[in-house]
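Visitor: I am new to this one, so please show me the sequence and the structure, and I will ask as we go.

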Amino acid sequence: MKKIFIMLALVAGVSVVNAQETATAEKTAPETVQTMPSTGDYYQGYTRPLTFNRMIPPYALEVTFNKTVHVIFPSAIRYVDLGSSDLLAAKADGTENVLRVKAALRDFSRESNLAVITEDGAYYAFNVKYADEPVKLSVEMTDFLHDGEAVNRPNNALQVYMQELGQESPLLVKLIMQSIYKNNDREIKHIGCKRFGIQHTLKGIYTHNGLLYFHLQLKNSSNVPFNVDFITFKIVDKQVAKRTAIQEQVIWPLRAYNNLMLIGGQRTERMVFVLSKFTIPDDKMLVVELGEQNGGRHQRFTVDNADLVRARVINELKVK
């Protein structure tokens with residue numbers, strides 16, 4: 001009987017020791033966190049996935065190390081982003097709408113990408129691959145308004161807004177300038193100047209969403225071509241006393257349509273300029289100057305505030 005009690009005591013002691021060792025091991029063992037593989041569904045279903053109708057389909061572009069690929073855009077380039085250091089890109093010297101692209105190293109294996117934003121608010125995306133002999137070394141991108149393809153942009157495509165245009169879409173600004181040019185209405189008939197066979201007139205002033213549109217016409221009645229050196233808009237004092245400095249405020253155009261640099265003999269050309277909204281104090285006036293390069297047939301006419309505030313509202317025009 002005594003042996004049985006001794007055996008039971010030994011078994012109980014061993015059980016207590018094993019329990020203590022197990023508890024100690026559990027306390028000292030590091031905690032393991034069970035992780036689930038990522039499914040791409042952020043926040044467990046609380047976000048909406050991007051569907052393919054929201055995607056801007058990229059263009060395919062091939063580049064190489066020994067040759068340069070040139071991409072010509074319908075408007076000036078404002079922004080360029082390269083997906084990797086395998087690519088080199090820059091605007092061609094002396095141009096605003098030509099982008100040159102080439103490979104930074106030979107035969108890179110990974111596909112890269114290229115994004116471009118132009119002055120008219122258009123966004124272009126490219127997937128770029130390396131090729132020993134690219135077939136398309138010179139590429140001309142078409143305007144989204146006139147390419148005739150319905151698949152090159154998503155249905156909800158938005159315009160890229162430029163800081164200088166404020167709340168106005170660059171695409172709408174371009175459409176308005178085209179409409180003013182095509183309509184060719186003469187809203188103003190008393191502002192202009194004529195010298196040496198050159199007639200420079202203001203055909204109309206228009207306004208929309210904080211911007212002013214000036215429609216100018218330049219008629220060359222002579223046989224000598226007129227090379228445009230500059231066209232400036234500036235607000236100056238109406239009367240300047242002698243020995244008094246002339247106060248001038250130059251207003252730089254934000255956009256220009258059909259801004260020609262050469263008017264041939266016996267030719268008439270028109271231009272449309274976009275300026276930020278402004279008004280003219282009573283003692284000042286707006287001066288529009290046209291200078292001839294290497295010549296003396298300069299033109300100059302003035303605009304008063306009364307003509308400016310009567311600018312025609314663009315909403316009444318038909319955008320063609």
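**Strands and their partners**

Visitor: Which residue of β16 stands opposite Lys219?

Guide: We are looking at a predicted model, where local features need pLDDT of at least 70, side-chain atom pairs count only at pLDDT 80 or more, and totals for chains, interfaces and linings use all residues. Residues are numbered from 1 along each chain as its sequence is written, and side-chain values use heavy atoms, leaving out hydrogens and water. Strand β11 (residues 211-220) and β16 run antiparallel and are joined by 10 bridges. In β16, the residue opposite Lys219 is Thr268.

Visitor: How many helices and strands does the protein chain have?

Guide: Both kinds of element are DSSP runs numbered from the N terminus: helices are H or I with at least four residues, and strands are E with at least two. Counted in this way, the protein chain has 3 helices and 19 strands.

Visitor: Why is β16 largely enclosed by the rest of the structure?

Guide: A residue is buried when its relative accessible area is under 20%, exposed when over 50%, and partly exposed in between, using a 1.4 Å probe and protein chains only. Of the 320 residues in the protein chain, 36% count as buried. Strand β16 (residues 267-276) is largely enclosed because its buried residues number 7 of the 10.

Visitor: In β16, which residue is the bridge partner of Ala256?

Guide: Look at β14, which runs antiparallel to β16 and is joined to it by 3 bridges. Two strands pair if DSSP finds at least two bridges between them. For Ala256, the bridge partner in β16 is Phe273.

Visitor: Is β12 mostly covered or uncovered, and how many of its residues are buried?

Guide: Strand β12 covers residues 226-237, 12 residues in total, and is mostly covered. Its buried residues number 9 of 12.

Visitor: Which strand is joined to β12 by 9 bridges?

Guide: Strand β12 has several antiparallel partners. With β15 (residues 262-263) there are 2 bridges, and there Asn227 stands opposite Leu262. With β13 (residues 248-251) there are 4 bridges, one of the facing pairs being Val236 and Glu248. The strand joined by 9 bridges, where Leu286 is the bridge partner of Ile235, is β17.

Visitor: How much space lies in the largest pocket?

Guide: On a 1 Å grid over the protein atoms alone, a pocket is an open set of points where a 1.4 Å probe fits, with protein on both sides within 12 Å along at least five of seven lines; lining residues have an atom within 4 Å of a point. Of its 16 lining residues, Pro74, Ser75, Ala76, Glu119 and Ala256 lie nearest the centre. The space in this pocket is about 390 Å³.

Visitor: Which element gives the largest share of that lining?

Guide: Two elements give two or more residues to the lining of the largest pocket: α2 (170-183) and β14 (255-257). The largest share, 4 residues, comes from α2.

Visitor: Which element gives the most to the lining of the second largest pocket?

Guide: This pocket holds about 150 Å³ of space. Its lining includes Ala60, Leu61, Glu62 and Lys129. Elements that give two or more residues are β1 (59-63) and β7 (123-130). The one that gives the most, with 3 residues, is β1.

Visitor: What is the phi of Asn209?

Guide: Most residues other than glycine have a negative phi. Asn209 lies in the loop between β10 (198-208) and β11, and counts as partly exposed because its relative accessibility is 45%. Although Asn209 is not a glycine, its phi is positive, at about 55°.

Visitor: And which loop holds Asn258?

Guide: Asn258 is not a glycine either, and has a positive phi of about 55°. At 26% relative accessibility, it counts as partly exposed. Its place is the loop between β14 and β15.

Note on methods
Points joined across faces, edges and corners; volume = space filled by probe spheres on them.
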